[in-house]
Amino acid sequence: MRRPALLSAAFFAAGVLMAHRLDVPVWALWTGGLTIWLVCLIRSKSHCAWPGALLLVLGAMRYESVMHELPEDHVAHFGGRDRPVVLGGRVAEEPEWMADGLRLRMAAERVTVGDTVFSVQGSVLLRFRKFRPDVDYGDRLTARLHLRRPHPPRNPGAFDYRAFLKRKGIHAMGSVSRREQVLETRPGRGGWLWTYVVLPVRRGVRAGVAYNLSGGPAGLLNGILLGEKRGVPDPVRTAFTRAGVNHVLAVSGLHVGLIAAVVFFGFGAVGCGRKTTAWATVCAVLLYALVTGLPPSVVRASMMCAITIWGRLGKTQGEGLNSLGLAALVILIFRPQDLFDVGFQLSFSATGGILIFYRPIRGCLPGGGAGGIGHWVWAPLAVSVAAQVGTLPFVLTYFGLLSVVSILANLVVVPLMAAAVALGLLGVIVYHVSSPVAALLNGANWVVLKGAIQAAGWFAAPSWAAVEIQSPGWTVTGLYLCAALLILPETRSGPWGRRLVLAGLSLANLWVWSSLWQRPADLRILILDVGQGDGIFLRFPNGRTLLVDSGLRAPNIDMGERVLIPFLKAAGVNRIDAVVASHPHSDHIGGFVTLLERMEIGWYLDAGQFYDSWTARRIRALISEKGIRYAAIEAGDRLGGLGGVDAVVLHPTPDYVSRHGPAPLGLNNGSVVIRLAYGGSAVLLTGDIEHETDPDLLRWGDRLRAQVLKAAHHGSGTSSTAAFLGAVRPDLVAISCGVRNRFRHPSRAVIQRYKAMGISVYRTDEMGAVEIRIDGKGIDARGWLEAP
């Protein structure tokens, strides 16, 4: 076989994926997997069928052994208690300094509940707020705190922080906000490699960078040398993302290659033998992998570098894809959960894209031999295009952003960042010998880093530089890969060409028919968990979309960026036909700023109430700049073209709205109230109306009746009166409110009123997003944190 390691890695990864997706018991994996293996061993004539089946089973079993159910003595089982516990253990990693405190990973050893001490195991992520305890790697720490399990995503499309920490072996979290909660700290000892080698090198790099660099350049240099992205300013990160060069912010093969080149040629220049040089180079890149925290991209690059060096030492010609497969197989054997890590996927897909597509793409570009000037232009261009061909499905899936300028931006930014890495490494080394010379090198590097930041900003500046793209499904991704591989002559002409054509046609048919099958004939309402605010997405039977309110925007939070955009991308929504602002409080219209900036909006509807705030002014400016159609709506208006859904505006009347001054009865009471009727059921969306609006709303009589009620004003005591609920007579009420919000919404009296009337209560603070479907036959509702 030409590439046995690559094929082995593919089978092993398929086993990992199977175990992850199917979520079946270990005994079932053993039984089914061994049966498949035995059948292949006995019946198959192919030489790779039975080893492949065996690797499939081993991959599934390895994943289950790492991601299995937690043992009974795991520290995570002590989470979620009403009273705090006393947690003791050892600091397992170098603490990470935050702007307002400290974050560290603790290897838990004991938990005290009352007077009982339990021996435990497992890792806990601790966050110290407003102070930093004097602890370091290996030290012992005891603190009184509340333990909890990491939260799952509370909205569709949200980042799964629980799964992210689980892949890192962390199943519990705790927060310490007062010094008196820290009961004991004492010196300890960690592993000698980390204590005496890795951490000193890492801190030496930071010291060399910080000697006379600060701000954006310092944060960027620490990010590209050590992988510490927290120091990279958000505007810089955004510019690099829009320009399509954010891959340079990750520690990858570029850094490993530079270190390997310096050590390899340095040892060779002083007359060291080939074996000594090879050993020194391999040790250097492995040390660098440890210093950067063993991210998949660096482990991959280090392994391929070591394979290449030892292959040349043994005068063996290596095969790039086979080396890539061997690196993937080794990583997945030790850390099978890395298969679902974004860095792993991007690193291997980029490298695979270069290895597969570089030569065909280079052959299509103008000439310029290896020594010609054109080679230094067209070769990097071919590398950039090949890498982007490989990573495109993953970039669209995870980021939903297609950079139009990325190919040109890479030609400028990548060489600058390569120079910055080389100068940074040289400056760090020289700093510990001669700080004045290091200052000169850092000064030169400041110019290079600033140039890279400015270039990325220049490429990212046009509004058309990056386009928001919905996340492609697995069928579209598979179709793309089949088409990309058919470009290659070696796959197009052989038996694999026919297989790829057949697979592509099958996927195309599946994509077309599934899009027809999945077109729902129901009204879908999703009350998103936007904290203490409202954000309600509606998709109508004809596919049109409506968004009522958008959550809060504040200096430290933007629900448009955090919740709405990820949800809409995951839902495949590129355009919203209309948005409705119930009233201009920031917890209802804040997210519209990001939404109007980044998405196509058909109509912007509100009650026409004047309000002078930065958010309201920015929204008015965006409506004008983008040519969004605007209308003020009032009681009696109808929203048409909604696929058989009758949408009537019940409130406000003109008495509640002022277009030039303060709202006559307050902004809350001027909220837009909409009733949507479909298939014999109705939904009432109420904004933040309070009891003062009851007389006007009760005049609607039976037209106020609705089976589903979105609780007014987050379930506060100023709304949901007995008279109002008696007129609506809902079967279900959904309350949008924040977890442990400072207003203590919803009111206990209101909740008891609901229960006394037999109304089912769904709360976003307890259930996450609330999904409601009305199909003409009935109503189906569930909280996002509940099992389907």
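Lys130 counts as exposed, with a relative accessibility of 75%, where exposed means over 50% relative accessible area, buried under 20% and partly exposed in between (1.4 Å probe, protein chains only). The model is a predicted one, in which local features need pLDDT of at least 70 and side-chain atom pairs count only at pLDDT 80 or more, while totals for chains, interfaces and linings use all residues. Residues are numbered from 1 along each chain as its sequence is written, and side-chain values use heavy atoms, with hydrogens and water left out.

Lys130, which is not a glycine, has a positive phi near 75 degrees and lies in the loop between strand 5 (123-129) and strand 6 (140-145); helices (H or I, at least four residues) and strands (E, at least two) are DSSP runs numbered from the N terminus. A positive phi, near 55 degrees, is also found at Leu294, a residue of the loop between helix 9 and helix 10 (296-313) that is partly exposed, its relative accessible area being 30%.

Two cis peptide bonds are described here. The bond from His651 to Pro652 has omega near 10 degrees, and Pro652 is placed in the loop between strand 21 (646-651) and strand 22 (673-678). The bond joining His745 and Pro746 has omega of about 0 degrees, with Pro746 in the loop between strand 25 (732-735) and helix 25 (748-756).

In helix 12, a kink of about 50 degrees lies at Phe357, shortly before the proline Pro360, the bend being the angle between axes fitted to the seven residues ending at a residue and the seven starting there. Among the buried residues of helix 12 are Phe344, Phe348, Phe357 and Ile361.
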